[in-house]
Amino acid sequence: MGRISIPMMGFVMLCLWAVVAEGEYVKYKDPKQPLGVRIKDLMKRMTLEEKIGQMTQIERKVATADVMKQNFIGSVLSGGGSVPAPKASAQVWTNMVDEMQKAALSTRLGIPMIYGIDAVHGHNNVYGATIFPHNVGLAGFLLVNHLKIQDQAMNTSAEFQNYSMDPDLVKRIGAATALEVRATGIPYAFAPCIAVCRNPRWGRCYESYSEDYRIVQSMTEIIPGLQGDLPAKSKNGVPYVGGKTKVAACAKHFVGDGGTVNGVDESNTVINSNGLFSIHIPAYYDSLRKGVATVMVSYSSWNGRKMHANRDLITGFLKNKLKFRGFVISDWQGIDRITDPPHANYSYSVQAGISAGIDMIMVPENYREFIDTLTSQVKANIIPMSRIDDAVKRILRVKFVMGLFENPMSDPSLAKQLGSQEHRELAREAVRKSLVLLKNGKTPSQPLLPLPKKAPKILVAGTHADNLGYQCGGWTIEWQGVAGNDLTVGTTILNAIKKTVDPSTQVVYEQNPDANFVKSNDFSYAIVVVGEVPYAEMFGDSSNLTITEPGPSTINNVCAAVKCVVVVVSGRPVVMEPYIAKMDALVAAWLPGTEGQGIADALFGDYGFTGKLARTWFKSIDQLPMNFDDSHNDPLFHFGFGLTTKPVKDNY
């Protein structure tokens with residue numbers, strides 16, 4: 001064997017050291033070690049730079065491998081409509097997420113990143129995914145056992161003493177959503193929204209289950225669907241995620257987002273402490289009891305104080321009093337909006353947000369500004385190191401609990417879960433159970449529904465009858481939603497009708513027929529499908545709550561000439577009172593998602609209508625805000641209202 005030069009010997013020794021280092025036993029990598037031991041062991045090894053990296057969540061568009069490695073980035077997200085490629089397959093998604101994960105794992109300590117996405121009604125950013133009804137429809141599963149009517153003539157509802165929910169269905173929706181999210185390699189969903197929408201003018205009202213906090217509390221059963229059932233004897237507030245087929249959930253938006261003045265998005269919720277704690281906070285108790293992993297802070301303010309800077313509620317109440325042990329995340333550029341205008345004093349915003357108790361900052365693009373600002377504040381003792389350590393411990397706790405250290409990469413076997421037939425059948429079930437029958441016949445003795453499947457000729461009309469994007473609404477493929485039938489895979493209401501009626505029945509579709517066309521065609525009956533066009537967040541704020549033109553004229557033209565059922569596709573109650581006398585039947589379909597067949601199931605009697613209103617339906621917008629617990633109200637349809645029908649076998 002020849003002589004080894006000194007430089008060569010140094011290289012060999014370096015390699016041997018690397019092998020030893022790689023093989024060194026470290027407690028945080030050992031899943032057999034207690035959770036607290038793993039967190040403590042990893043924390044003592046981390047530099048300030050690595051800790052702040054864990055607190056930083058960036059958008060996928062800027063998350064290159066070099067950015068991930070150089071900044072020790074702890075989390076990545078897809079904003080609304082942010083995808084690796086148009087109509088990307090599950091494999092394209094997993095390839096992207098895995099590349100980012102490999103970069104995170106290649107850092108000195110190999111801490112996996114956590115990728116988050118808005119999966120708010122199914123995996124709604126992803127082409128081909130099952131899109132479930134938005135939350136406003138899911139609460140239609142409500143069955144009221146003991147309804148006290150304060151004034152029968154006024155149709156006002158005073159009190160609901162007992163609820164019998166269908167929590168299993170909501171839980172199954174959560175489980176299906178988790179599988180589809182995991183199919184794309186993503187382990188974290190920014191859901192559920194547990195806002196209590198108290199004014200339908202709010203552009204996010206469809207993300208709220210109900211105006212009644214008790215219904216919202218019950219619907220938190222989606223959390224164990226997303227995350228898995230808590231193990232026995234789990235402590236309140238401790239996060240739990242049950243393995244590779246489940247995702248970390250996120251209760252949002254803390255707190256009071258549904259109570260802003262006039263329903264203005266991101267605005268001010270003016271309410272006393274008793275009102276905040278009795279209406280807007282109860283669902284958080286349930287979420288924490290069910291082991292929710294994360295909580296997202298609201299853009300809104302409470303009595304003029306920005307929630308992103310509210311230390312009393314985030315740290316004092318949520319963390320200290322309720323003992324929440326998961327991590328608190330900001331909303332998109334949430335700390336920027338602490339000032340007005342946003343980003344006017346970023347240094348102050350960082351200090352205020354971190355000091356309030358926010359652990360992970362959804363930056364989402366200008367990550368160096370955030371990292372540099374927070375680093376300088378820690379070094380200047382403006383932000384204490386104890387606050388940084390609290391944030392990082394919480395983030396690591398969630399990552400350890402969900403098994404990211406043991407299984408950081410995607411599971412290719414789950415790809416088949418995306419848009420599976422089983423999930424579409426579940427969504428179809430959810431659609432038909434969410435429908436609320438508001439009118440059935442000009443008189444009770446002459447109901448129009450269920451419709452006969454066999455008729456010589458029927459008319460289907462309206463802007464929303466053959467528009468998959470309209471029936472899915474906002475937060476679908478794009479942030480604001482997409483009109484038309486090319487956005488994803490699904491069944492429009494028109495196609496569902498065609499599949500359901502007898503083959504001999506002629507189905508004529510005319511989006512906005514004039515009265516002469518309707519009168520001259522001798523239709524047996526008509527189905528008119530109208531409503532709102534897609535919107536999200538502040539772009540949905542509405543002062544008039546009217547359905548989109550030519551919806552009103554379509555109702556007038558069709559229903560004046562032939563028996564008609566009007567199906568309203570909307571994210572909230574909308575103005576209906578001027579048209580209701582003209583129609584024979586009225587169905588609130590909310591935003592049903594991709595499985596329009598669920599609507600035909602009920603219209604034609606394969607299943608009965610069972611849904612109830614989880615929102616008060618106003619007569620006039622001048623009545624707003626109007627909720628079930630108001631002492632005096634005069635709604636068009638009271639909270640809890642919903643006519644029922646029975647299934648009809650062989651309805652021809």
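## Disulfides

A disulfide is here a pair of cysteine sulfur atoms within 2.5 Å, and by this rule the count in this predicted model comes to two disulfides. Cysteine 559 and cysteine 564 form one of them, with their sulfur atoms 2.0 Å apart, and the link of these cysteines is right-handed, with 105 degrees about the S-S bond. Both cysteine 559 and cysteine 564 are buried, where buried means under 20% relative accessible area, exposed over 50%, and partly exposed in between, with a 1.4 Å probe and protein chains only. A disulfide also joins cysteine 197 to cysteine 205, with an S to S distance of 2.1 Å; the torsion about this S-S bond is about -105 degrees, so the disulfide is left-handed. Cysteine 197 is buried, and cysteine 205 is buried too.

When the bonded cysteines of the protein are numbered in sequence order, the pairing reads 1-2, 3-4. Cysteine 250 is in no disulfide, and the nearest cysteine sulfur, that of cysteine 193, lies 9.8 Å away; cysteine 250 is buried, with a relative accessible area of 0%. Cysteine 472 is likewise in no disulfide, its nearest cysteine sulfur being that of cysteine 193, 18 Å away, and cysteine 472 is buried with a relative accessible area of 0%.

## Model and confidence

Residues are numbered from 1 along each chain as its sequence is written, and side-chain values use heavy atoms, with hydrogens and water left out. Because this is a predicted model, local features need pLDDT of at least 70 and side-chain atom pairs count only at pLDDT 80 or more, while totals for chains, interfaces and linings use all residues.

The protein averages a pLDDT of 93, and 93% of the residues score at least 70; pLDDT is the predictor's confidence in each residue, from 0 to 100. Over residues 1-21 the pLDDT stays under 50, and the model has one contact beyond four places in sequence for them, a contact meaning heavy atoms within 4.5 Å. Over residues 143-164 the pLDDT is also below 50, but this stretch has 47 contacts in the model beyond near neighbours in sequence. Where pLDDT is low, the predicted coordinates should not be read in detail.

## Nonpolar cores

A nonpolar core is a set of buried Ala, Val, Leu, Ile, Met, Phe, Trp, Tyr and Cys residues joined through side-chain atoms within 4.5 Å. The largest such core has 126 residues, of which Phe254, Phe370 and Leu374 touch the most other members. Helix H7 (residues 167-183) gives the largest share of this core, eight residues; helices (H or I, at least four residues) and strands (E, at least two) are DSSP runs, numbered from the N terminus.

A second, separate core of 67 residues includes Trp475, Val574, Trp617 and Phe637.

## Helix H18

The buried residues of helix H18 (residues 493-500) are Ile493, Leu494, Ala496, Ile497 and Thr500. Seen down the axis of H18, they fall within an arc of 160 degrees, so they line one face of the helix; the arc is that of the directions from the helix axis to the C-beta atoms. Among the elements that cover these residues are strand S17 (457-461), helix H17 (468-472) and helix H21 (597-603).
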